[in-house]
Amino acid sequence: MANPKYATSPPNLTGMPPAVPYIIGNEGAERFSFYGMRTILIGFMTQFLVNRSGVLVGMPENEAQGWFHQFVSSVYWMPFFGAIIADGWLGKYRTILYLSIVYCLGHFTLAFMDTSVAIAFGQKWVLAIGLILIAAGAGGIKPCVSANVGDQFGESNKHLLERVFGWFYFSINLGSSFSIWLCPVLMRDPNWGPKYAFGLPGVLMFLATVIFWLGRNKMVHIPPAGLGFLRDLTSKEGLSVLARVWLIYIFTMIFWALWDQSSGGEWTIQCQHMDLQFFGINFLPEQVNVVNGLFILAMIPLFNYWLYPAISRIFPLTPVRKIGIGLFLTALSFVVIWMIQLSIDHGGRPNVGWQFLAYIILSAGEVMVSITGLEFSYTQAPNRMKSLLMAMWLLSIALGNQIPSIISFLIPKLKSMGMNLEGANYFRFFTYLMLVTSVIYIYVSRHYKERTYLQSQVPEDERVTEPLLAGGTPT
């Protein structure tokens with residue numbers, strides 16, 4: 001049931017909707033909290049974890065990699081349940097607000113982990129509880145936040161959708177860049193330590209929740225569809241929509257299998273064996289991936305205002321084509337990482353500048369795959385399935401993370417069977433996997449027919465009951 005206090009359809013505006021600053025501000029603070037915690041996770045597990053007696057017992061690298069990807073995967077399959085709650089029961093606004101509170105509790109549980117009580121209880125157990133709460137909170141709100149951005153737009157200002165998703169992604173990388181730099185410093189500083197490094201993200205998540213609540217009267221609140229949502233989901237047309245988008249998502253799944261290695265994962269472990277001084281700056285291993293966010297911040301306006309229009313003058317640069325180019329760029333970035341690891345395996349200590357080169361290439365691929373994927377997932381979804389399609393997009397991230405997780409856990413067993421995936425062989429495997437995926441994508445994507453669905457700008461009480469794919473603007 002819609003709350004009469006709130007608008008339930010987008011206003012007829014030609015400019016940006018008034019709720020956008022609150023949504024983007026919320027996203028920036030939330031991403032600070034998530035990436036700040038995530039970037040120090042492997043470092044904490046391998047170098048700071050203690051047993052109940054307070055003795056350092058850090059996890060083996062391959063085990064930490066495996067659990068890291070399991071956590072990331074859970075963050076991205078939980079959106080399926082968040083989408084069902086939002087589209088079928090509570091609506092996006094209340095789902096975001098309630099699960100943000102769960103999210104805050106998860107962060108503060110991790111901050112408690114470095115206390116004497118938590119150590120006596122068992123840091124691994126406290127870590128697990130905190131990560132489960134964060135996965136439920138972060139995962140549950142993910143499909144709703146990005147879909148909520150799109151809900152603010154209608155036919156009169158739909159031309160701004162691409163731009164707002166770009167700024168949405170800009171806020172993600174602005175927030176994450178600060179936390180990726182700061183949280184490792186707090187964790188490794190003896191005067192601060194892990195409790196402050198994990199506590200700061202909790203403070204920012206609380207701030208994100210407050211910002212979102214302050215914008216409640218500016219937002220369009222699309223009512224949940226109730227049983228109609230379930231009928232749409234299981235209808236022939238609804239299942240057809242899901243099948244069509246998975247023709248694309250199956251390929252972006254492999255992209256995420258590679259990308260998440262760069263953000264606090266395997267690339268961070270590689271940094272522990274590199275010369276981390278670059279132009280007079282001494283980086284911590286966990287800080288190096290801050291350059292990804294900085295490159296994204298520079299590339300978003302460059303791509304939106306110059307590169308995309310320039311390419312489109314030669315041939316139409318559709319979302320599906322952008323994703324294809326991004327897949328090839330991702331494979332190229334892993335060629336650089338593979339070469340770095342070959343040098344390390346042969347006793348070298350390459351400079352971190354080489355990894356920066358890989359980040360430049362990967363960031364360009366990320367702009368073309370990840371930002372485009374958000375816009376694609378929103379516009380390809382019928383109006384009562386917006387959060388669900390966002391959840392499907394995020395599910396591709398979850399499934400992608402299962403690939404490096406399973407491989408990391410199996411590395412010792414595979415080696416005993418004569419299949420060595422340690423060192424450079426690990427990155428060579430993913431380079432080939434991404435390259436083959438990109439080539440196959442070219443042929444499959446040519447058969448995808450894009451459609452666009454936006455929320456109606458007709459007030460809810462004046463609408464005529466419409467079938468599943470009506471109420472939007474298919475093109």
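A cavity is defined here, on a 1 Å grid over the protein atoms alone, as a set of points where a 1.4 Å probe fits but cannot get out; lining residues have an atom within 4 Å of a point. Grid points are joined across faces, edges and corners, and a volume is the space filled by probe spheres set on the points. The structure is a predicted model, in which local features need pLDDT of at least 70 and side-chain atom pairs count only at pLDDT 80 or more, whereas totals for chains, interfaces and linings use all residues. Residues are numbered from 1 along each chain as its sequence is written, and side-chain values use heavy atoms, with hydrogens and water left out.

The largest cavity holds about 380 Å³ of space. Its lining comprises 30 residues, with Arg 31, Tyr 76, Lys 142, Tyr 169 and Ile 172 nearest the centre. Helix 8 makes the greatest contribution to this lining, six residues; helices are DSSP runs (H or I, at least four residues) numbered from the N terminus. By class, the lining has 15 nonpolar, nine polar and six charged residues, where Ala, Val, Leu, Ile, Met, Phe, Trp, Tyr, Cys and Pro count as nonpolar, Asp, Glu, Lys and Arg as charged, and the others, Gly among them, as polar.

Helix 15 gives the most to its lining, with four residues, and the lining divides into four nonpolar, two polar and three charged residues.

Notes: On a 1 Å grid over the protein atoms alone, a cavity is a set of points where a 1.4 Å probe fits but cannot get out, and a pocket is an open set with protein on both sides within 12 Å along at least five of seven lines; lining residues have an atom within 4 Å of a point. Helices (H or I, at least four residues) and strands (E, at least two) are DSSP runs, numbered from the N terminus.
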